[in-house]
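Here are a few exercises to work through with the model open in your viewer. Try each task before you read its solution.

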Amino acid sequence: FQAEDGIRDEASCLVGSEMCIRDSISGGVLLLVALVAILAPFASPNDYINTDFAEILTEPTLRDAHFFGTDVLGRDLFVRTMMGIRVTLLVAVVASLVSLVIGVAYGAVAGFVGGKVDAVMMRFVDTLYALPFIFFVILLMVAFERNFLLIFVAIGAVNWLDMARIVRGQTLILREREFVEAARLTGVSTPRIIFRHIAPNLFGIVIVYVTLTIPQAILVESFLSFLGLGVQEPQTSLGALVNAGVNQMEAAPWTLLIPAVLLALILMSFNFLGDGLRDLFDARRPS
């Protein structure tokens, strides 16, 4: 039996090492992509807006620093791709933060207060779940004329439902803990208990879920841009670049492959990183 336990422990260590390596690689890839996207446009001699009709759909080359070639208007695809990564990551992070603020506040209040208040609040969430998610995003984008800043709010404002449910479930457990009971007995107000005692103890699960929410926000933004409802010219995003590349797929396949591969790489890295953080913060994980 001791030998079997030793084999299981060794296998667990190997799996843990593999997961640690995978998470480190994912974090390194995201950091590298973000740094290149931020710094590369400043070092490039080309601009993401300026057109050059003598350089339409040129293949990727080191000449004139057109590392990713040019698009149908002769604009440098390397700089435009870096700017697209900036916008995609910015939209995803800000939208996730919006959903974080709304979801944590809503779920913590519902779980801590409980009773009829909790029932009414969660029935409202269930009602929103029954409605098509993407329909509300498209409706907001159309109603407010596809404002760039509204993309952040639109995606985050309808992406908080899962966060609210998760936070509510954790709050139901935390409100029975001794430190919460002690705060109640000393006369601490309900808002102060929620935001000073409950919310900090939700840090682990919230961070994990935010990491897993970012890929969802990226997909939504890419889908909206693919439909032409997201980022508008001359701004761009990875979704908008994929949309433009589809139209030139046969004549210039690199205009589709490069942003599509980068989008897939970013999504996979965030998913792997989120899985790793989930295992790290999971209290039930065997030691």
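**Exercise 1. Find out how well T211 is covered and what touches it.**

Start with the surface: T211 has 9% relative accessibility, so it counts as buried (buried is under 20% relative accessible area, exposed over 50%, partly exposed in between, with a 1.4 Å probe and protein chains only). Helices here are DSSP runs of H or I with at least four residues, strands are E runs of at least two, and both are numbered from the N terminus. Finally, list the partners: setting aside neighbours within four places in sequence, T211 touches F270, L273, G274 and L277 (contact means heavy atoms within 4.5 Å).

A word on the ground rules: this is a predicted model, where local features need pLDDT of at least 70 and side-chain atom pairs count only at pLDDT 80 or more, while totals for chains, interfaces and linings use all residues. Residues are numbered from 1 along each chain as its sequence is written, and side-chain values use heavy atoms, with hydrogens and water left out.

**Exercise 2. Sort out the aromatic pairs.**

First, the rule: rings of Phe, Tyr and Trp (its six-membered ring) pair if their centres lie within 6.5 Å; planes under 30 degrees apart are stacked, over 60 edge-to-face, and the rest tilted. That gives 3 aromatic pairs.

Take F67 and F78: with 5.2 Å centre to centre and 90° between the planes, this pair is edge-to-face. F67 comes from the loop between α1 (2-43) and α2 (77-113), F78 from helix α2, and the two are 11 residues apart. F67 is partly exposed at 37% relative accessibility, whereas F78, at 12%, is buried.

Now Y106 and W160: their rings are 4.9 Å apart centre to centre with 55° between the planes, which makes the pair tilted. Y106 is in helix α2 and W160 in the loop between α5 (148-157) and α6 (161-174), so the pair ties together parts 54 residues apart in sequence. Y106 is buried at 18% relative accessibility, and W160 is buried at 7%.

Last, look for a cluster: F67, F68 and F78 form one.

**Exercise 3. Describe how α7 packs on α8.**

Two packed helices are described by the angle between their axes and the distance between the axes. For α7 (residues 178-185) and α8 (residues 190-198), that's about 145° and 11 Å. The axes are lines fitted to C-alpha atoms, for helices over the stretch in contact, and angles run from 0 to 180 degrees between N-to-C directions. On the α7 side, F179, V180, A183 and R184 make the contact; on the α8 side, I193, H197 and I198 do.

**Exercise 4. Sum up the whole chain.**

Count the elements: 11 helices and 0 strands. Then check burial: of the 287 residues, 41% are buried. For contacts between residues at least 6 apart in sequence, 70% join residues at least 24 apart.
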